[in-house]
Amino acid sequence: MERKRFIKTLAIFTMAPVLVLEACKEGNKKNTEQQAKAAQTYTCPMHPQIVQNKPGTCPICGMDLVPFDKNNKDAFLTLSESQVSLANVTTMTIGAGALSNVKQLNGRLATDPEKTVVISTRVPGRIEALYVRETGVKVNKGQPLYEIYSEQLATLQQEYLLSAAQARQFPEDARFQQIEKAARQKLVLYDQSETQINQLLQAQKISPYVTYYAPSSGTVAELSITEGQYTAEGSAVMKLEGYGELWVEADIYPSEAGAIRVNQAVQVIVAGWENKPQTMIIQFINPSLQSGSQLLQVRGTIVNPGNQWQPGQQVNILLPVKAKTDALTLPVDAVIRDGKGTHVWIETAKGKFEPRKVRTGMENFESVEIIEGLAAGDKVVISGAYLLYSEYVLKKGADPMATHQH
């Protein structure tokens, strides 16, 4: 009996170390898993300051939190060729070049008065036929516009036929020649063409109906008569406007007038045609303020091919105010601005991109000057920079400039 108890006790002491060792291993394994689980943190793609150790949603924007490795402290991103292509990441080598700063003036298109023709009646009478009945209609030079019935014109025609017959009957009498010439001139003053007068002379028949033709091409802007209406001599009939060239008018403050001069070239951007800027020469600067305002007016002319623009449309005038010839410049979209500062992305090796803090200077609508942070020859990302920014936030869980030291 004592022998069995001894053997049992010996077995227990022999197995105890093994059991203790296995228990320790199991405990260490659980601790390692717990530590790994605790090391996993989550952040918001839009608000990297939101960090927590479990999945959830962002308390600011409501987006799902994404995991990231907070132990990854590398201040760069490495992308494969397929990732670069998919993200449309392109680069350029920065170098010195010209950069001009511009001031934007708000303007408008207006009709050029030199291309405007007002048509009026030369004789009193009744509008017998009106061939153009509405505004906005385009007419060509020589096109019939209206027919008028005029008894006074018929009287002048009869007078001319009599004087012409007397001049033919007495060709050597200078007095009859002068009378015939004076009668002919009266018809010319009543807007009768040489062709119409010769046709009258050949037909030997008066006609109180006279057709008037367009003196130039244009668009009917105003129509002042109706068919059957009686008109007096000199009454306005219609106004034709030519839109082949348009005025560009802009308002400026007197303090800005010093930056503008006559014969200066500027760029004009018509609303809706931003990709087709037009070059304009400043032709006139009004020396006096507009009535009821403290503004001056500047004006120029642009060509209007195919009448694609209309008077009244809004335009922007880009006025150069400063220029540099040796500035380091980048496209505006290459520069990222956030609460931590301004930075760009540079490619330091193939597929390796890192943020670089920069300081900007002069800027226009297309380019921005880099004063500090880059040197000529740096390879800078000009498209896809915002995707790199987002990828960095997702992988690192922090703003690229939060811990960046330049």
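## Glu 369 and its surroundings

Leaving aside neighbours within four places in sequence, Glu 369 is in contact with Leu 99, Lys 324, Ala 327, Leu 328, Arg 359, Thr 360, Gly 361 and Met 362. This residue belongs to strand S24, which covers residues 367–372. With a relative accessibility of 8%, Glu 369 counts as buried, the cut-off for that class being under 20%. The structure described here is a predicted model.

Val 51 is part of strand S2 (residues 51–52), and its relative accessible area of 45% makes it partly exposed. Val 51 and Thr 41 are ten residues apart along the chain, and their C-alpha atoms are separated by 6.8 Å.

## Overall composition

The protein has 406 residues, of which 35% count as buried. Its secondary structure consists of six helices and 25 strands. The accessible surface comes to about 24,000 Å², and carbon and sulfur atoms contribute 52% of that area.

Among contacts with a separation of 6 or more, 69% are accounted for by residues 24 or more positions apart.

Strands of a sheet pair through backbone hydrogen bonds, in either the parallel or the antiparallel sense. In this model, an open sheet is formed by four strands in the order S11-S10-S8-S13, with antiparallel pairing. Strand S11 (209–213) and strand S13 (230–231) are at the edges and have a single partner strand each, so one side of each is left without a neighbour in the sheet.

Strand S8 (residues 125–130) is joined to S13 by two bridges in the antiparallel sense. Within this pairing, Arg 126 stands opposite Tyr 230 of S13.

## Strand S15 and its partners

Strand S15 (residues 245–252) is mostly covered, with six of its eight residues buried. Five bridges connect S15 to strand S6 (residues 96–111), and the two run antiparallel. In this pairing, Leu 109 has Val 248 of S15 as its bridge partner.

S15 also pairs with S18, again in the antiparallel sense, over eight bridges. Here Leu 246 has Ile 302 in S18 as its bridge partner.

## Nonpolar cores

The largest nonpolar core comprises 27 residues, and those with the most contacts inside it are Leu 145, Tyr 146, Ile 148, Tyr 160, Leu 187 and Met 238. At least two residues of this core come from each of S8, strand S10 (144–149), helix H3 (151–169), helix H4 (174–189), helix H5 (194–203), S11 and strand S14 (236–241). The greatest contribution is that of H3, which gives five residues.

Apart from neighbours within four places in sequence, Leu 145 is in contact with Ile 119, Leu 130, Tyr 131, Val 132, Val 139, Tyr 212, Tyr 213, Ala 214 and Met 238. A second, separate core has 20 residues, including Leu 109, Leu 246, Val 248 and Leu 319.

## Aromatic pairs and charges over rings

A pair of aromatic rings is described by the distance between the centres and the angle between the planes. A search of the whole structure finds four aromatic pairs. In one of them, the ring centres of Phe 170 and Phe 176 are 5.2 Å apart and the planes lie at 25 degrees, so the pair is stacked, given that planes under 30 degrees apart count as stacked. Phe 170 is partly exposed at 38% relative accessibility, whereas Phe 176 is buried, with a relative accessible area of 14%.

Another pair is formed by Trp 273 and Trp 309, whose ring centres are 6.0 Å apart and whose planes are at 85 degrees, so the pair is edge-to-face. Trp 273 lies in the loop between strand S16 (265–270) and strand S17 (278–285), and Trp 309 in the loop between strand S18 (296–303) and strand S19 (314–331), so the pair ties together parts that are 36 residues apart in sequence. Trp 273 is partly exposed, its relative accessible area being 23%, while Trp 309 is buried at 1%. Charged groups also sit over aromatic rings: the charged end of Arg 175 is placed over the ring of Phe 176, 5.4 Å from its centre. Arg 299 lies over the face of Trp 247, at 3.9 Å from the ring centre.

Note on methods
Residues are numbered from 1 along each chain as its sequence is written. This is a predicted model: local features need pLDDT of at least 70, side-chain atom pairs count only at pLDDT 80 or more; totals for chains, interfaces and linings use all residues. Side-chain values use heavy atoms; hydrogens and water are left out. Two strands pair if DSSP finds at least two bridges between them. Rings of Phe, Tyr and Trp (its six-membered ring) pair if their centres lie within 6.5 Å; planes under 30 degrees apart count as stacked, over 60 as edge-to-face and the rest as tilted. Buried means under 20% relative accessible area, exposed over 50%, partly exposed in between (1.4 Å probe, protein chains only). A charge sits over a ring if NZ of Lys or CZ of Arg is within 6 Å of the ring centre and within 35 degrees of the ring normal. Contact means heavy atoms within 4.5 Å. Accessible areas come from the Shrake-Rupley method with a 1.4 Å probe; for residues, only the protein chains shown count as cover. A nonpolar core is a set of buried Ala, Val, Leu, Ile, Met, Phe, Trp, Tyr and Cys residues joined through side-chain atoms within 4.5 Å.
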